[in-house]
Amino acid sequence: MADASRLNLTNQFLIAMPGMADGTFSGAVVYLCEHSEKGARGLVINKPIDIKLKNLFEKVELSLTRDDLAEAPVYFGGPVQTERGFVLHERQSDVSSPYSSTLTIPGGGLDMTTSKDVLEALSNGAGPKKILITLGYSGWGAGQLEDEMGRNGWLTVDAAPEVIF
């Protein structure tokens, strides 16, 4: 189905409607990092888990010297790859990302990095100023998100970085 007016929800918030049947997403706000005809990928940004960033850094054998981040929570990003970290952060430059595995999110001024080098930069006092780290992500197959929206599972609104950070 090659439709030029196809819905693209990249850089949007998905807000779970009160009738959301899936308990995993009940009350969730998801930031959509990617949406195409192949599916969608995003991060739940409002479900902190009981791990602080300083503890996460200890687990990957890095120190975190930034006091502004040490006590910040790690979030449940979604039910896919929950053993893996996803770092949502403001874009570092107008060129390419300095990190080895980064998805540049069109229109939002944000990147999502999955490589450890972003954590290493943060532990050295460098790296992005504003970050949100999740374990896991939320994913939908081709047409799945559109189907859920058609059944009033989600409300969409324009994303705002100040809400995320």
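Mentor: The pLDDT is the predictor's confidence in each residue, from 0 to 100. This is a predicted model, in which local features need pLDDT of at least 70 and side-chain atom pairs count only at pLDDT 80 or more, while totals for chains, interfaces and linings use all residues. Residues are numbered from 1 along each chain as its sequence is written, and side-chain values use heavy atoms, with hydrogens and water left out.

Among helices (H or I, at least four residues) and strands (E, at least two), which are DSSP runs numbered from the N terminus, confidence is lowest in helix 2 (residues 67-70), at a mean of 90, and highest in strand 5 (residues 73-76), at 98.

Turning to the whole, the protein has five helices and 10 strands. Its radius of gyration, taken over C-alpha atoms, is 16 Å, close to the 15 Å that the globule rule (2.2 Å times the number of residues to the power 0.38) gives for 165 residues, so the protein is as compact as a globular protein of that length. Of the contacts between residues at least 6 apart in sequence, 65% join residues at least 24 apart, and buried residues (under 20% relative accessible area, 1.4 Å probe, protein chains only) make up 44% of the 165.

Definitions and conventions: Buried < 20%, exposed > 50% of the residue type's maximum accessible area, 1.4 Å probe, protein only. Contact = heavy atoms within 4.5 Å.
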